[in-house]
Amino acid sequence: MTDTTTTTPTSPLLARPGAVAGEGADAGVAAHYGDPGREQRLLEEGLAVVDLSHRGIVRVGGPDRLTWLHSMTSQHLSGLAPRQSAESLVLSPKGHVEHALHVVDDGEAAWITVEPGTAPALAAWLDSMRFMLRVEVTDVTDAYAVLGEPLSAASAEGECLAWVDPWPALVGDTAAYGPETGHPGESRRWRELVVPRADLEAAVGDRPLAGTWAAEALRVAAWRPRLGFETDHRTIAHEVDWLRTAVHLHKGCYRGQETIARVHNLGRPPRRIVFLHLDGSGHLLPGAGSPLTLDGREVGRLTSVARHHVDGPIALAVVKRNIPVDADLVAEGVAGAQTVIVTP
């Protein structure tokens, strides 16, 4: 029986000097430790670690686990080797993105890290789909935690299991809706280390800590979509260029596959993700979720907003596909210049 009552504990790392607690989706861990710009630089240099212990973790054991996950989600998972990482999506029957799965297998079980607060719903849905297969689904968020590290190496035998972010590579038989070369995400190294929650502080050790503000700024600069930020209840993977890492185009049927194939083969998505350089002359920035307007007409919304230590105020946004690519957009009185990610 799957336990769906898990609540994420407040991180003990919030007791570290200078820690300022995050809010919203990133509540329960530190937004920063006093100097977000320096923390970004430490991440880029590969020196810092990020407390992501608010993320959820679902463990799927049993000999049928990989073929079962393969049959229900968007990525090719049936041959996943031990310590190999993959990203996959759970889609609605109409192809809308419901869950983003960071999957790594240890040879006995698949470990899936997910957005904060979503593990109970994912575990419950997976449990409802078991039927007669030899799988066991457990929400282990109470017992295990996630640390973000600026590394791209898989964990070695004897080390804690690590999910390595494939972004922005084209994984398997897939397609890019943004640039195939020269992508700004190519320089971003990232992995999620799964550690026993009781060992969280020991796993950090004496390494400097960076908060979620720093990690988010580098994510936004890499054009990396995040569930619940770049997505809403209508999002299809094409709109945010998520096919490149999370969707296999010829793996067979799964829930939502018809929409993936139809849009890829016959048309373009109705919306597209863009990168924005925001006007930083004012003291305040518009918040994520703010409407974006063009000539007074609403054409989209900001999805993520950050202050980058080099580029200044930056953002991701989702806009209507057909708005001009050279148009400056406005959110809460702040102008933003577009960089095309998904082509119209």
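Where is Arg188 placed? Arg188 sits in the loop between strand E10 (162-164) and strand E11 (191-196). Welcome to this structure, which is a predicted model: local features need pLDDT of at least 70, side-chain atom pairs count only at pLDDT 80 or more, and totals for chains, interfaces and linings use all residues. Residues are numbered from 1 along each chain as its sequence is written, and side-chain values use heavy atoms, with hydrogens and water left out.

**The whole chain**

- The protein chain has 7 helices and 18 strands; helices (H or I, at least four residues) and strands (E, at least two) are DSSP runs, numbered from the N terminus.
- With a radius of gyration of 20 Å, close to the 20 Å that the globule rule gives for 344 residues, the protein chain is as compact as a globular protein of that length. That radius is taken over C-alpha atoms, and the globule rule is 2.2 Å times the number of residues to the power 0.38.
- Along the principal axes, the C-alpha atoms of the protein chain fill a box of roughly 55 × 55 × 35 Å.
- Of the 344 residues, 53% count as buried; buried means under 20% relative accessible area, exposed over 50%, and partly exposed in between (1.4 Å probe, protein chains only).
- Among contacts in the protein chain with a separation of 6 or more, 72% come from residues 24 or more positions apart. A contact here means heavy atoms within 4.5 Å.

- E4 and E8 are joined by 4 bridges in the antiparallel sense, and Gly61 stands opposite Glu136 in E8.

**Helix H2**

- Helix H2 (residues 65-72) is largely enclosed by the rest of the structure, because 6 of its 8 residues are buried.
- Those buried residues are Arg65, Leu66, Trp68, Leu69, His70 and Met72.
- The buried residues of H2 pack against strand E4 (56-61), strand E6 (97-105), strand E7 (109-114), helix H3 (119-128) and strand E8 (136-139).

**Nonpolar cores**

- In soluble globular proteins, nonpolar side chains tend to be buried together.
- The largest nonpolar core has 28 residues, and Leu89, Trp242 and Val247 are those with the most contacts inside it. Such a core is a set of buried Ala, Val, Leu, Ile, Met, Phe, Trp, Tyr and Cys residues joined through side-chain atoms within 4.5 Å.
- At least two residues of this core come from each of strand E5 (85-91), E6, helix H5 (212-221), helix H6 (243-246), strand E13 (271-278) and strand E16 (312-320).
- Another core, of 22 residues, lies apart from it and includes Val60, Leu66, Val114 and Leu126.
- Beyond its neighbours within four places in sequence, Val247 is in contact with residues including Leu89, Trp242, Tyr254 and Ile260.

**Two hairpins**

- Strand E14 (residues 291-294) and strand E15 (residues 297-308) run antiparallel and are joined by 4 bridges; Pro291 stands opposite Arg301 in E15.
- The hairpin of E14 and E15 has 2 residues between the strands, and Asp295 in the turn has a positive phi of about 55°.
- E15 is also joined to E16 by 8 bridges, again antiparallel, with Pro313 in E16 as the bridge partner of Arg307.
- A hairpin through 3 residues joins E15 to E16.

**Two arginines**

- Arg188 counts as buried, at 18% relative accessibility.
- The side chain of Arg188 makes a polar contact with the side chain of Asp165 (3.0 Å). A polar contact is a pair of N or O atoms within 3.5 Å; within protein, one must be able to donate a hydrogen and the other to accept it, and residues adjacent in sequence count only if both atoms are side-chain atoms.
- Arg16 lies in the segment before strand E1 (20-21) and is partly exposed, with a relative accessible area of 23%.
- Not counting residues up to four places away in sequence, Arg16 touches Tyr33, Glu201, Val204, Gly205 and Leu209.

Note on methods:
Pairing = 2+ DSSP bridges.
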